[in-house]
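Please keep the sequence and the model in view while reading.

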Amino acid sequence: MAQSRIQKFKDYRNSLIKEDCPVSETPIIEEIKSENKFETTSTLPLDEVMKQITKEEEEAVVKKNQKNKLVIQIIIFSVIVALIIAGIVIFAIKVF
């Protein structure tokens, strides 16, 4: 009968646990040992953070203004087209 995946994995694990097998150790990297070499903080100055917040707010206002201008342009264009069509219809009714 064929072995199941679980049985194969158990056999594999048991073969690794045997005393005859060489122990594989991961090498220790020098950079990990000297991780705390520099004693600096990763915090930003308050002024820089506040400038970034105001910059994001200004960008949001600019985007909102651009969106409003686009909407107004579309509305004006639609009204002009509607007036032209109404003018053509009224002219056609009077002529015929």
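What does the accessible surface of the protein come to, and what percentage of it belongs to carbon and sulfur atoms? The accessible surface comes to about 10200 Å², and 63% of this belongs to carbon and sulfur atoms. Such areas come from the Shrake-Rupley method with a 1.4 Å probe, and for residues only the protein chains shown count as cover. The model is predicted: local features need pLDDT of at least 70, side-chain atom pairs count only at pLDDT 80 or more, and totals for chains, interfaces and linings use all residues. Residues are numbered from 1 along each chain as its sequence is written, and side-chain values use heavy atoms, with hydrogens and water left out.

The protein holds 3 helices and 0 strands, in the order α-α-α from the N terminus on. Helices (H or I, at least four residues) and strands (E, at least two) are DSSP runs, numbered from the N terminus. Of the 96 residues, 0% count as buried; buried means under 20% relative accessible area, exposed over 50%, and partly exposed in between (1.4 Å probe, protein chains only).

Leu 44, Leu 46, Val 49, Met 50 and Ile 53 make a nonpolar surface patch of about 460 Å². Met 50 lies in helix α3 and, with a relative accessible area of 45%, is partly exposed.

Helix α3 (residues 46–95) also holds Glu 59. Together with Glu 56, Glu 57 and Glu 58, Glu 59 belongs to a patch of negative charge on the surface. Here Lys and Arg count as positive and Asp and Glu as negative, while His and the chain ends are not counted; the place of a charge is taken as NZ of Lys, CZ of Arg, CG of Asp or CD of Glu. Glu 59 counts as partly exposed because its relative accessibility is 41%.

How values were computed:
Patch = residues over 30% accessible without salt bridge, like charges linked within 9 Å, V, L, I, M, F, W, Y side chains within 5 Å. Salt bridge = Lys/Arg side-chain N within 4 Å of Asp/Glu carboxyl O.
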